Amino acid sequence: NPQLLALINLHQQEFVRLVNEPVSEEELQQSLQRTAEQEQQGPPPPGPNTVQVSESELQQIERLEQLVLPMGLNRRVVLESWLACDRDEQLAANYMLNNLEDLRSNQE
């Protein structure tokens with residue numbers, strides 16, 4: 001899931017802390033209950049996201065778009081992949097090319 005990977009990459013230290021943090025039985029049950037309630041409510045409505053990029057980062061994104069848009073991927077996939085790969089152009093390109101079919105089928 002590129003969105004989850006991007007979120008983890010943006011908050012790596014907090015993610016590692018949470019993964020390593022011990023959980024009591026009560027906290028586990030509360031978490032499971034919240035998860036069940038959220039699943040019943042369905043996904044949150046889509047909302048706009050804003051990401052600040054420098055001029056050189058914008059050029060990276062544009063080069064990635066030139067590479068994969070003709071292959072059927074959209075800008076959202078490019079941005080999510082680039083962010084999930086910690087803004088590394090080559091890593092994002094490799095990720096998208098290696099997962100092309102999955103990314104195509106999961107586009108909105």
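Student: Helices here are DSSP runs (H or I, at least four residues), numbered from the N terminus. Which helix holds Glu101 and Arg104?

Tutor: Both sit in helix H7, residues 100-105. This is a predicted model, with local features needing pLDDT of at least 70 and side-chain atom pairs 80 or more, while totals for chains, interfaces and linings use all residues. Numbering runs from 1 along each chain, and side-chain values use heavy atoms, without hydrogens or water.

Student: Nice. How far apart are Glu101 and Arg104 along the helix?

Tutor: Glu101 and Arg104 are 3 residues apart, so about one helical turn separates them. Their side chains meet in a salt bridge at 2.8 Å, N to O (Lys or Arg side-chain nitrogen within 4 Å of an Asp or Glu carboxyl oxygen).

Student: Is Glu101 buried or exposed?

Tutor: Glu101 counts as exposed because its relative accessibility is 52%, whereas Arg104 is partly exposed at 33%. The cut-offs are under 20% for buried, over 50% for exposed and partly exposed in between, with a 1.4 Å probe and protein chains only.

Student: How many salt bridges are there in the structure?

Tutor: There are 5. One of them joins Glu57 to Arg87, with the closest N and O atoms 3.1 Å apart. That pair links distant parts of the chain: Glu57 is in helix H4 (residues 55-68), and Arg87, 30 residues away, is in the loop between helix H5 (75-84) and helix H6 (89-98).

Student: And what does Glu80 pair with?

Tutor: Glu80 forms a salt bridge with Arg76, the closest N and O atoms being 2.9 Å apart. Both lie in helix H5, 4 residues apart, or about one turn. Glu80 is buried, at 14% relative accessible area, and Arg76 is partly exposed, at 24%.

Terms used
Helices (H or I, at least four residues) and strands (E, at least two) are DSSP runs, numbered from the N terminus.
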